[in-house]
Amino acid sequence: MHLNLNDNYFISVPDFIGMFNALASIDLSGNFIETSMPNMLCNLSNLVYLDLSGNMFSGPIHVSLGLLSRLEYLYLDNNQLSGNIPTSLGQSKLKHLDLSQNSLVGVLSETHFAKLKNLTYLDLSSNSLTLNFSSRWIPPFQLQTLFASSCNIGPHFPNWLQTQINLQRLHLYNSSIRDTIPEWFENISSHILDLDLSNNHIYGKLPRFHGDSGNQIRDRILKMNSNNFEGSLATFPSNVQILDLSDNLLSGHVPQTDETMNPSLEVVNLSKNRFTGPVHLFKIPSIRVLDLSQNMFCGRLLDLSGNLASRHVPQTDGTMSPNLEVVNLSKNRFTGSIPVHLCKVPSIQVLDLSHNMFSGRLPRCLGKLINLNVIDLANNTITGVVPTSLGSVEYLISLHLHNNQFEGDIPVSLQNLTELVTMDLGNNLFTGTIPFWIGESLYSLKFLNLESNKLTGKIPLQLCQLNALQYLSLAHNNITGKIPRCFRNLTGMKGSRHLSYEGYEGNAPKAVRVLQYEENILASMKGRQLLYTKTEEFLTSLDLSNNNIVGEIPDALMNLVGLTNLNLSRNLLKGQIPVIIGDLKKLESLDLSMNKLSGRIPQNLTSLNFLSYLNLSFNNFSGPIPVGNQLQTLTDPSVYKGNDGLCGPLVSKSCNGNGPYNHVGEDEVQDDDIGLWFYEGMGPGFVVWFMGLLGSLHFIRKWRVAYFEMLENVYGWLTISIALTLARLRRKVFE
């Protein structure tokens with residue numbers, strides 16, 4: 001008898017289940033059951049299959065589950081189970097045991113697996129478990145699948161694995177291994193289809209992946225990334241679908257491979273290593289993702305057609321790579337112009353050639369790559385105008401042309417890129433005015449960088465229509481006019497947005513998600529250049545510095561309460577700082593230096609509790625410098641330099657006169673103040689003491705009698721002493 005109630009809306013285990021003692025199979029997976037494991041399940045002695053996964057079961061695993069003598073398949077994964085794993089499970093006939101994605105703790109030893117001779121599938125991943133087995137232990141089972149990621153298996157590589165000759169899937173991701181790969185591992189690796197040893201501290205050389213002699217192993221997944229492997233990659237693994245060796249210390253040339261060796265190769269990630277020289281490994285139609293970034297390649301790299309171009313990116317024939325979606329060659333040493341042959345691969349969705357030494361003009365044919373979502377050509381020496389054909393890439397989400405030598409006007413055709421979220425054209429030689437169509441057409445923009453160009457004219461009011469905009473930099477241009485008051489409409493700078501980086505990535509095309517392309521913005525903040533990548537969702541910045549902007553700082557800017565950075569420095573602004581600047585509660589960096597601002601510095605500047613950088617230098621401010629709260633931590637005198645009318649300790653000028661503020665005199669004044677308070681307190685102190693004395697004499701009779709007796713004695717002694725003294729004086733006078 002079988003009962004399948006999976007993927008429903010049960011919030012508890014139905015009571016009627018306990019009535020069916022003949023049940024052999026129960027599937028309650030994918031419900032909303034939020035309770036401890038019910039006892040009645042442990043009484044169903046005929047159970048062979050039990051699946052409670054994907055619920056919210058809590059508490060410990062019942063010991064009596066291990067007493068179900070016929071149970072072979074037990075799935076308790078993706079719950080909230082806690083406590084130790086009972087050793088009784090090791091006495092059962094289990095073939096499949098999945099306890100992953102829970103909150104189980106404790107140490108697993110040989111006892112837990114003593115009689116599990118039929119076990120072929122074991123998943124313990126994502127628990128706080130420690131596997132403590134003797135190096136001489138020989139398990140009673142032959143596993144085909146072992147998943148133990150995020151468990152504590154290290155520091156040594158588990159020696160008992162050499163007995164598992166049928167192992168096909170092995171995941172030991174983030175398992176605290178600090179060891180080399182043992183020699184015997186090559187014997188079992190030839191059978192492994194899915195291997196994940198990433199995020200450990202494994203060092204030494206990579207093992208050789210031969211593949212079985214019968215060539216039956218296909219579509220292998222090999223993930224060895226984020227370790228400390230070193231040396232060269234002797235041979236390219238064969239029959240691989242996904243290869244990730246990124247973030248290691250590998251060096252030397254990358255060996256060749258072809259369609260015969262790897263007919264199903266889809267993903268190659270060799271980034272963050274030390275590879276050099278030419279590469280000839282990608283004449284494979286199935287390849288989708290190619291990431292060779294952050295290496296030291298400088299020779300022949302991408303050879304999809306068999307043609308070679310020394311010290312340049314070789315020619316590319318789209319017929320040899322019809323499925324290529326992601327090309328990341330960033331942070332290497334490539335030279336020459338961007339090859340036009342890339343235009344023959346229309347499947348490309350992400351093209352990242354940033355941080356190289358590419359030169360020449362941008363090919364016009366890039367407009368034919370209509371599936372592009374990301375173009376990152378930043379930090380090269382590309383020259384000329386941006387081709388108008390780029391406006392044909394209508395699905396483009398991110399455009400980075402930062403730090404090149406592009407010139408001329410920003411082409412009007414870019415207004416067709418209505419899906420654009422990031423447009424970074426900073427640090428180029430663009431001329432003309434800021435295009436008004438940016439605000440009218442690019443309504444999805446969140447990050448707009450036009451800094452360090454030769455743009456002129458006023459800020460177009462149409463920019464105020466960019467409701468999603470959270471980062472705007474027009475710094476280092478020749479912009480004139482006033483700051484638009486309609487900037488108050490930039491709701492993306494009010495902290496009201498709810499889209500996170502993950503949300504953007506989730507809405508991005510599939511290839512972007514595969515590569516997890518990191519958006520990046522280089523922002524001038526806190527007096528230096530800061531690179532924002534995964535944290536850019538928290539960057540809310542307005543930078544209009546180094547221009548010729550006139551007028552006053554509009555109160556409308558104080559409505560942008562989500563701002564973390566406001567930089568209006570090196571302009572011609574006049575008037576006062578808005579008194580409501582304290583409304584910008586999230587502000588971390590404020591730079592108003594080198595303007596013509598005047599008046600007093602608002603006291604509510606002290607309410608900016610996150611402010612860690614402030615520059616008000618070289619203006620015409622006057623009056624006392626506000627003190628208190630966060631401003632107490634900003635003690636650098638250069639913050640207020642060049643404001644002759646300011647007074648206070650930080651500018652060494654007293655607010656009580658026009659003389660210098662003497663720090664030694666300050667101590668003396670403090671001493672005088674203490675003396676003044678001392679003498680002023682003597683009078684009230686004496687009155688309090690005297691009234692206390694009279695009160696005590698009035699209410700306590702013994703004290704009163706003793707006090708007056710003492711007075712009488714003192715009076716008598718004084719009377720006698722005075723009389724004797726007078727008598728002596730008379731005697732001396734008359735003698």
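Rings of Phe, Tyr and Trp (its six-membered ring) pair if their centres lie within 6.5 Å; planes under 30 degrees apart count as stacked, over 60 as edge-to-face and the rest as tilted. By this rule, 19 aromatic pairs turn up. This is a predicted model, where local features need pLDDT of at least 70, side-chain atom pairs count only at pLDDT 80 or more, and totals for chains, interfaces and linings use all residues. Residues are numbered from 1 along each chain as its sequence is written, and side-chain values use heavy atoms, leaving out hydrogens and water.

**View A. F113 and W137, a tilted pair.** Here the ring centres are 6.4 Å apart, with 45° between the planes. F113 is buried at a relative accessible area of 4%, and W137 is buried at 12% (buried means under 20% relative accessible area, with a 1.4 Å probe and protein chains only). Look around and you will find one aromatic cluster made of F113, F133, W137, F141 and W160.

**View B. F275 and F297, a stacked pair.** The centres lie 6.4 Å apart and the planes meet at 15°, so the pair counts as stacked. Relative accessibility is 0% for F275 and 0% for F297.

View C. With 8% relative accessibility, N453 is buried.

**View D. L542 and its contacts.** Beyond neighbours within four places in sequence, L542 is in contact (heavy atoms within 4.5 Å) with residues including L472, F487, M493 and L557.

Note on methods
Buried < 20%, exposed > 50% of the residue type's maximum accessible area, 1.4 Å probe, protein only.
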